[in-house]
Amino acid sequence: MLFILPPWSLTETHLAPEQLGLAHARENSIKNGIPTIAVSPTQGKFLSLLATMSSANYVLELGTLGGYSSICLAQAIKERGGKLTSVDISSDRRQVAIQNLQFAGIDVPGEADVLLGAALDILPNLANEIETGTRSAFDFVFIDANWDNQWEYFDFAVKISKGKGSVIYVDNVVRQILEAGIIGPEKKDEEVMPLVEKVGQDNRVDAVVMQTVGAKSYDGFLMAVISRQVVFISL
Ligand code: DHB
Ligand code: MG
């Protein structure tokens with residue numbers, strides 16, 4: 001027998017009621033036609049606690065959408081003087097995200113910057129800036145962009161991470177398998193989960209996939225921690 005959580009969540013009712021800034025981000029995103037696929041308040045709180053637990057200062061987000069998770073991450077690092085850098089390919093979404101961040105009390109671009117472009121174009125620029133000392137390496141990377149290039153994003157994230165202890169969190173690794181309808185006993189793991197297979201063979205990181213069920217139905221994320229000192233190599 002499988003028990004599924006009701007659509008309400010104990011986190012939202014008791015531990016972390018959705019703040020005004022986040023409720024505004026959700027409503028303003030809908031008003032501007034942004035798909036309602038942002039993280040749930042519970043997932044947002046979880047991300048924010050992870051950023052706090054890892055004492056992250058420099059956080060990178062791939063896939064800003066309407067800035068809901070950006071607000072959660074930026075708020076967590078704000079008191080340490082940290083900075084979120086978020087990347088999105090849509091200038092419309094970027095504009096809405098900036099409005100939402102500012103409404104939530106985040107200074108843009110001081111506390112959170114939203115870069116416009118495809119992640120695969122932006123990542124080499126970030127790497128060059130880190131290499132030349134004009135940007136700090138990242139200690140927390142949240143990958144929540146299109147699902148086709150997840151391994152490339154992950155590989156870059158390791159390279160532009162500060163090093164041992166840095167965290168990489170990849171959203172939706174279970175949802176994408178379920179939506180593709182390619183899970184099943186006749187399928188081998190390596191056929192359906194190229195990201196997970198590659199991460200498993202990657203001795204730079206220690207990682208886990210956690211399955212989740214809640215307001216966003218069945219899903220799961222991959223979380224990796226850099227397990228050894230990364231020597232920054234020119235890309
Ligand atoms: C969906 C959820 C996500 O977190 C995402 O990044 C993309 C799509 C969804 O609910 O379909
Ligand atoms: Mg997502």
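Reader: Which residues is Ser69 in contact with, leaving aside its neighbours within four places in sequence?

Author: Two residues are in contact if their C-beta atoms, placed from the backbone, lie within 7 Å. Apart from neighbours within four places in sequence, Ser69 touches Ala38, Val39, Gly44, Leu47, Glu61, Phe142 and Asp144. The model is predicted: local features need pLDDT of at least 70 and side-chain atom pairs count only at pLDDT 80 or more, while totals for chains, interfaces and linings use all residues. Residues are numbered from 1 along each chain as its sequence is written, and chains are lettered from A and ligands numbered from 1 in the order in which they are written.

Reader: Is Ser69 buried or exposed?

Author: A residue is buried if 20 or more other C-beta atoms lie within 10 Å of its own, exposed if 12 or fewer, and partly exposed in between. Ser69 counts as buried because 26 other C-beta atoms lie within 10 Å. Ser69 belongs to helix 4, where helices (H or I, at least four residues) and strands (E, at least two) are DSSP runs, numbered from the N terminus. In contrast, Asn146 lies in the loop between strand 4 and helix 7 (150-159), and Asn146 is partly exposed because 13 other C-beta atoms lie within 10 Å.

Reader: How many helices and strands does the chain have, and what share of its residues is buried?

Author: The chain has 10 helices and 7 strands, and 40% of its 235 residues count as buried.

Reader: Which way do the residues of strand 1 point?

Author: Tyr58, Leu60 and Leu62 point one way, Val59 and Glu61 the other way, and all are buried.

Reader: Which strands pair with strand 5?

Author: Strand 4 pairs with strand 5 in the parallel sense over 4 bridges, and Phe142 has Tyr169 as its bridge partner. A right-handed β-α-β unit is made by strand 4, helix 7 and strand 5. Strand 7 (residues 217-226) pairs with strand 5 in the antiparallel sense, also over 4 bridges; here Ile168 stands opposite Ala224. Both faces of strand 5 are covered, with Val167 and Tyr169 buried on one side and Ile168 and Val170 on the other.

Reader: Which members of the largest nonpolar core touch the most other members?

Author: A nonpolar core is a set of buried Ala, Val, Leu, Ile, Met, Phe, Trp, Tyr and Cys residues joined through C-beta atoms within 7 Å. This one has 61 residues, and those touching the most other members are Val59, Ile71, Leu73, Ile143, Ile168 and Val170. Helix 4 (residues 68-78) gives the most to this core, with 7 residues.

Reader: Which residues surround ligand 1?

Author: Each has its C-beta atom, placed from the backbone, within 6 Å of the molecule: Ile37, Asp144, Asp171, Asn172, Arg175 and Lys216 surround ligand 1.

Note on methods
Pairing = 2+ DSSP bridges. Right-handed = clockwise from strand over helix to strand, strands pointing away.
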